[in-house]
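Trainee: Could we go through this one together?
Mentor: Happy to, here it comes.

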Amino acid sequence: LLKPWRSGQGPWRAAVHDVMSDEGVDLPGAEVPPAGLLIVDGVFLARPELVHFWSTLVLLDAPLAVSQARGAARYGPPPSVLDPSDKYATAHALYRAACDPVNRADILIDATSLDEPRIVRERRG
């Protein structure tokens, strides 16, 4: 996805992984448009090996309990936060400690309430 968009030449693919099946997907490639905006949505995007790709890093932040409740509503209940088999909570805690996405974000949005998200910080380049 990123290499074609950065070079301006396709093909690129919108997804390579299906979160519901936890399996890879093989979508057809598409050409990069002559003018466009690429918005990448996902977790762990503030990792050091990725941040140079983003002109603006936006973080929708919410407490872990809120995020887990939203995930449970979409995908079913997760294991307990204290359960070491909860790979997502463990990975997220490691990511926050190592990559500090809250401080890396150019735009930090408190998304605790989906009805009333609030911009906490906005840094201009």
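**Aromatic pairs**

Mentor: A search of this whole predicted model turns up three aromatic pairs, where rings of Phe, Tyr and Trp (its six-membered ring) pair if their centres lie within 6.5 Å, with planes under 30 degrees apart counting as stacked, over 60 as edge-to-face and the rest as tilted.

Trainee: How are Trp-5 and Trp-12 arranged?
Mentor: Their ring centres are 5.7 Å apart and the planes sit at 70°, so this pair is edge-to-face.

Trainee: Are Trp-5 and Trp-12 buried or exposed?
Mentor: Both Trp-5 and Trp-12 are buried (under 20% relative accessible area; exposed is over 50%, partly exposed in between, with a 1.4 Å probe and protein chains only).

Trainee: What about the rings of Phe-44 and Tyr-95?
Mentor: Those centres are 4.9 Å apart with planes at 75°, so the pair is edge-to-face. Phe-44 lies in the loop between β2 (23-24) and β3 (58-61), and Tyr-95 is in helix α3 (residues 87-99), so the pair ties together parts 51 residues apart in sequence. Helices (H or I, at least four residues) and strands (E, at least two) are DSSP runs, numbered from the N terminus.

Trainee: And how accessible is Phe-44?
Mentor: Phe-44 is partly exposed, at a relative accessible area of 25%, while Tyr-95 counts as buried at 9%.

Trainee: New topic: how many helices and strands are there?
Mentor: The protein chain has four helices and five strands.

Notes:
Residues are numbered from 1 along each chain as its sequence is written. This is a predicted model: local features need pLDDT of at least 70, side-chain atom pairs count only at pLDDT 80 or more; totals for chains, interfaces and linings use all residues. Side-chain values use heavy atoms; hydrogens and water are left out.
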